[in-house]
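Let's take a friendly walk through this structure, one part at a time. Please keep the sequence and the 3D view side by side as you read.

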Amino acid sequence: MLINESLKSATISIRTNIVRSFLTTLAIIIGTAAVIAVIGIGSSANKALDAQIDDFGPRTLVVSPGQNRRGTVTKGLIPLDIKDSQALEKNNDHQWMVSPYITRNRQIKFNNANINERIRANLPIHFKVRGYEIEYGRIFTEDENLGRKKVVVLGSDVPKELKTTATKILNKEVLIAGNSYKVIGVLTEEGSTGWQNPDDELYVPLLTGSQRLFGTKNLDSLNIAIEKDANVDEVMMTIERILRSQHDIGPGEDNDFRINDYSQYSDLRKQATGIFTALIAGIAGISLVVGGIGVMNIMLVSVTERTREIGLRKALGATYKAIMLQFIIEAVLLCVIGGTVGVILGTSILYLFASFNEWPFAMPISAIVGSITFSAMVGLFFGIWPARKAANLDPATSLRYE
């Protein structure tokens with residue numbers, strides 16, 4: 001009964017001074033909203049990153065040319081060769097998919113449009129490794145690769161750059177470096193991955209690019225797709241063993257190639273996002289403490305204003321505990337209301353932010369419960385001093401207070 005009476009008294013007091021109560025809880029509202037929004041944005045960013053990784057397809061290792069060293073002297077890069085790719089393809093112990101490629105920029109012409117764009121020569125399996133899908137037409141085949149056929153698949157933005165549409169350019173001829181290539185397919189929109197944009201690229205068979213377009217057997221890089229649950233260290237050791245043998249590298253000599261697991265950078269990015277989110281949430285949480293100080297100040301003012309009321313209650317038999325409980329509950333209720341409004345405001349901000357950036361909406365329930373609980377703890381902590389001051393008032397002195 002004592003708690004119910006205290007809760008009823010606190011509610012009446014808050015409603016009586018609604019504007020002051022709102023201003024008192026404003027810092028709590030802002031702090032909670034900031035914490036909720038920041039934590040939610042961090043969670044949504046990680047969800048979006050996970051979705052991008054899933055869309056990317058299997059986990060991919062990248063083999064790149066390494067430095068040519070003789071002692072302490074560096075003599076440029078040792079290029080990878082198509083034979084390196086073929087050597088890796090012969091080893092199927094790890095069920096990997098090998099996707100070599102060569103990239104160069106060339107002039108592309110269609111009707112009156114003329115652009116300079118990146119051409120990527122690769123195997124048909126490249127589209128599966130990277131998770132690219134075809135929207136119009138088809139991708140080239142292994143037979144077309146072996147036959148050095150002059151066919152090309154366009155990224156989704158290329159037709160627009162050539163001042164046409166995907167349907168109009170499909171099965172038409174475009175000029176690449178002055179030679180005619182048949183457009184057999186257009187990819188779906190993939191979006192930029194940060195360091196490259198597949199929507200702006202053109203794709204030709206590897207041997208076509210190597211022998212007809214670029215005149216080189218040197219590869220820019222090798223993508224090796226492996227199962228997501230594969231032992232990455234073991235796979236990398238196998239790749240290293242094959243390529244060292246292929247390059248006649250003796251024991252104790254340095255590799256002239258590099259093997260990178262770029263998926264590890266997504267893990268680092270998640271960690272960085274988590275640290276940044278915690279840091280910003282911590283800074284935002286300071287405003288909750290500031291809000292708690294504001295609540296304490298207003299409660300001290302409230303005690304002064306209600307001195308006669310407190311004296312009357314104590315004269316009628318209200319105990320020290322009853323007065324303490326009344327003011328503590330009022331402080332906690334103020335902070336819980338502010339925390340709840342802050343959660344609603346922060347969630348709304350997150351929803352708008354996620355919708356604008358086309359991210360998944362992700363709000364951990366623990367963040368909501370934690371924010372409201374922390375708000376209540378702030379109210380409890382900063383409500384004790386005003387409550388004690390009220391409970392320690394002398395009834396006779398309080399009744400004479402003007």
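A polar contact is a pair of N or O atoms within 3.5 Å; within protein, one must be able to donate a hydrogen and the other to accept it. Bear in mind that what you see is a predicted model. With that in hand, look at the start of helix H9, where a side-chain oxygen of Asn231 comes to within 3.2 Å of the backbone nitrogen of Asp233.

Now follow H9 along. Its 15 residues, 232–246, should span 21 Å at 1.5 Å a residue, and this agrees with the end C-alpha atoms, which are 21 Å apart. The buried residues here are Val232, Val235, Thr238, Ile239, Ile242, Leu243 and Arg244. In general, an α-helix has 3.6 residues a turn, so residues three or four places apart point the same way. Just after H9, Asp248 has a positive phi of about 55 degrees.

The N-terminal end of H3 is capped by Asp81, whose side-chain oxygen lies 2.8 Å from the backbone nitrogen of Lys83.

Finally, turn to the rings. Phe127, Tyr132, Phe140 and Tyr203 are linked into a cluster by ring pairs. One of the aromatic pairs joins Tyr132 and Tyr203 edge-to-face, 6.4 Å centre to centre. Tyr132 lies in the loop between H4 and S6 and Tyr203 in strand S10, so this pair ties together parts that are 71 residues apart in sequence. Elsewhere, the charged end of Arg120 sits over the ring of Tyr101, 4.4 Å from its centre.

Note on methods
Residues are numbered from 1 along each chain as its sequence is written. This is a predicted model: local features need pLDDT of at least 70, side-chain atom pairs count only at pLDDT 80 or more; totals for chains, interfaces and linings use all residues. Side-chain values use heavy atoms; hydrogens and water are left out. Helices (H or I, at least four residues) and strands (E, at least two) are DSSP runs, numbered from the N terminus. The expected span of a helix is 1.5 Å times one less than its number of residues. Buried means under 20% relative accessible area, exposed over 50%, partly exposed in between (1.4 Å probe, protein chains only). Rings of Phe, Tyr and Trp (its six-membered ring) pair if their centres lie within 6.5 Å; planes under 30 degrees apart count as stacked, over 60 as edge-to-face and the rest as tilted. A charge sits over a ring if NZ of Lys or CZ of Arg is within 6 Å of the ring centre and within 35 degrees of the ring normal.
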